[in-house]
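Please keep the sequence and the structure in view while reading.

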Amino acid sequence: MEAKIANGLLVSPRIDSEKIARRIGTGGSVQFSRRFREQDRLQVLVSAQLQPKTRNSNRHKTVSLEVSCSYKNFPASLLESGGFQAPFDEARILKNKSQEIRPYLSGRCIYLVGMMGSGKTTVGKVLSQVLGYSFFDSDTLVEQDVEGTSVAEIFKLYGEGFFRDKETEVLRKLSLMHQLVVSTGGGAVVRPINWKYMQKGISVWLDVPLEDLARRIAAVGTGSRPLLHQDSGDAYTKTLTRLSTLMEERSDAYANANARVSLEDIAAKLGHRDVSNLTPTAIAIEALEQIEGFLKEENGDFGL
Ligand SMILES: Nc1ncnc2c1ncn2[C@@H]1O[C@H](COP(=O)(O)OP(=O)(O)O)[C@@H](O)[C@H]1O
Ligand SMILES: O=C(O)C1=C[C@@H](OP(=O)(O)O)[C@@H](O)[C@H](O)C1
């Protein structure tokens with residue numbers, strides 16, 4: 001049996017129906033709880049209803065089970081997040097963490113770098129909101145600078161070099177400002193001049209497994225991402241192949257960032273089987289923690 005609870009976390013309680021039967025006979029119900037890794041946080045209650053034996057069921061008893069889950073006393077029904085809403089506790093942790101480190105940022109901008117689809121825009125908006133910073137997407141600024149022409153059209157009409165020049169110019173202008181969270185284009189890291197501008201702030205690499213990137217991008221289509229676009233074939237496989245090549249070319253450049261947020265590490269910390277159910281809020285919390293680590297290294301432990 002598999003129960004889906006709070007934000008996609010999966011648990012698989014194994015239930016010994018014989019033991020249940022011995023305790024409650026042929027009818028009635030029993031409740032028991034299993035506590036998982038985070039003992040005081042996650043509780044799964046399983047109620048079993050035994051159906052009376054019928055002539056055809058002399059070898060197997062039918063047990064109907066109801067599973068209810070709670071997380072820190074919040075029932076799963078409240079926690080089911082739907083979309084990207086953060087569970088209550090995540091939102092609180094994010095707020096506390098942002099208040100803790102905000103004074104030490106001294107208004108420096110945060111630059112999110114990472115492959116296409118790594119969540120720079122999604123997580124960037126969460127970070128900007130909680131820090132009270134303004135959010136900018138460098139692709140959008142380039143588009144505005146070319147009279148609202150989309151990135152895909154800019155590549156088609158003027159070529160990648162033209163786009164990269166515009167991207168550098170946008171990053172130069174942003175580097176003169178403060179209190180911004182900037183979602184950079186996935187390829188911004190390849191030009192050393194762009195690092196000169198980003199080094200005015202703090203850079204954070206969102207490191208997402210390529211399979212997950214390919215899944216996300218294939219789900220929304222490659223139309224807006226000219227370096228991945230293909231007219232035919234299996235979108236997931238083609239995207240994954242292309243992303244793998246780009247990652248080989250860029251991984252050293254991403255590693256220049258001041259902080260790295262690994263979705264695999266977050267999933268391991270939270271006890272998730274994979275990264276696909278991590279909320280942007282959970283990722284934003286990890287980003288702030290990694291930024292905190294960077295600030296501590298930079299300035300010596302500042303007493304947090
Ligand atoms: N944590 C996440 N889990 C699942 N999907 C996500 C997550 N973060 C972003 N996405 C989805 O992935 C796609 C790319 O996200 P986006 O923030 O635009 O990435 P980027 O700005 O790095 O290209 C979007 O469809 C977005 O909804
Ligand atoms: O990786 C890249 O070279 C690119 C990433 C895109 O931005 P996102 O990372 O926001 O998709 C956009 O700048 C352009 O399509 C090129």
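This is a predicted model: local features need pLDDT of at least 70, side-chain atom pairs count only at pLDDT 80 or more; totals for chains, interfaces and linings use all residues.

A residue is called buried when its relative accessible area is under 20%, exposed when it is over 50%, and partly exposed in between (1.4 Å probe, protein chains only). By this rule Glu 286 is buried, because its relative accessible area is 5%. Residues are numbered from 1 along each chain as its sequence is written, and chains are lettered from A and ligands numbered from 1 in the order in which they are written. Helices (DSSP runs of H or I, at least four residues) and strands (DSSP runs of E, at least two) are numbered from the N terminus.

**Ligand 1**

- There are 15 residues around ligand 1, and those that come nearest are Gly 117, Lys 120, Thr 121, Thr 122 and Arg 225; a residue is counted here if one of its heavy atoms lies within 4 Å of the molecule.
- The shell around ligand 1 consists of six nonpolar, six polar and three charged residues. In this scheme Ala, Val, Leu, Ile, Met, Phe, Trp, Tyr, Cys and Pro are nonpolar, Asp, Glu, Lys and Arg are charged, and the others, Gly among them, are polar.
- Helix 4 (120-131) and helix 9 (210-220) each supply at least two residues of this shell, and helix 4 gives the most, with three residues.
- A polar backbone atom of Gly 117 is 2.9 Å from an oxygen atom of ligand 1, and a polar backbone atom of Ser 118 is 3.2 Å from an oxygen atom of ligand 1.
- In the side chain of Arg 225, an N or O atom is 2.8 Å from an oxygen atom of ligand 1.
- Taken alone, ligand 1 exposes 560 Å², of which the protein buries 79%. Accessible areas come from the Shrake-Rupley method with a 1.4 Å probe, and for residues only the protein chains shown count as cover.

**Ligand 2**

- Of the 13 residues around ligand 2, the nearest are Lys 120, Asp 139, Arg 164, Arg 225 and Arg 250.
- By class, this shell has five nonpolar, three polar and five charged residues.
- A polar backbone atom of Gly 186 is 2.9 Å from an oxygen atom of ligand 2.
- On its own ligand 2 has 390 Å² of accessible area, and the protein covers 96% of it.

**Salt bridges**

- Side chains of opposite charge can pair when their charged atoms come close. A salt bridge is a side-chain nitrogen of Lys or Arg within 4 Å of a carboxyl oxygen of Asp or Glu.
- The whole structure holds 14 salt bridges.
- Arg 164 and Glu 167 meet in a salt bridge (3.0 Å, N to O). Both lie in helix 7, three residues apart, about one turn of the helix, and both are buried.
- Arg 191 and Asp 165 form a salt bridge (2.8 Å, N to O). This pair links distant parts of the chain, 26 residues apart: Arg 191 is in the loop between strand 9 and helix 8 (192-198), and Asp 165 is in helix 7.
- Lys 269 and Glu 286 form a salt bridge (2.6 Å, N to O). Lys 269 lies in helix 11 (residues 263-270) and Glu 286 in helix 12, so the pair ties together parts that are 17 residues apart in sequence.
- Lys 269 counts as partly exposed because its relative accessible area is 48%.
- A network of salt bridges links Lys 97, Glu 100, Glu 292 and Lys 296.

**Backbone angles in loops**

- Most residues other than glycine have a negative phi.
- Ser 106 has a positive phi, near 50°, and lies in the loop between helix 3 (88-105) and strand 7 (110-113). Ser 106 is exposed because its relative accessibility is 57%.
- Gln 179, also not a glycine, has a positive phi of about 55°. Gln 179 is in the loop between helix 7 (160-174) and strand 9 (180-183).

Key
Side-chain values use heavy atoms; hydrogens and water are left out. A polar contact is a pair of N or O atoms within 3.5 Å; within protein, one must be able to donate a hydrogen and the other to accept it, and residues adjacent in sequence count only if both atoms are side-chain atoms.
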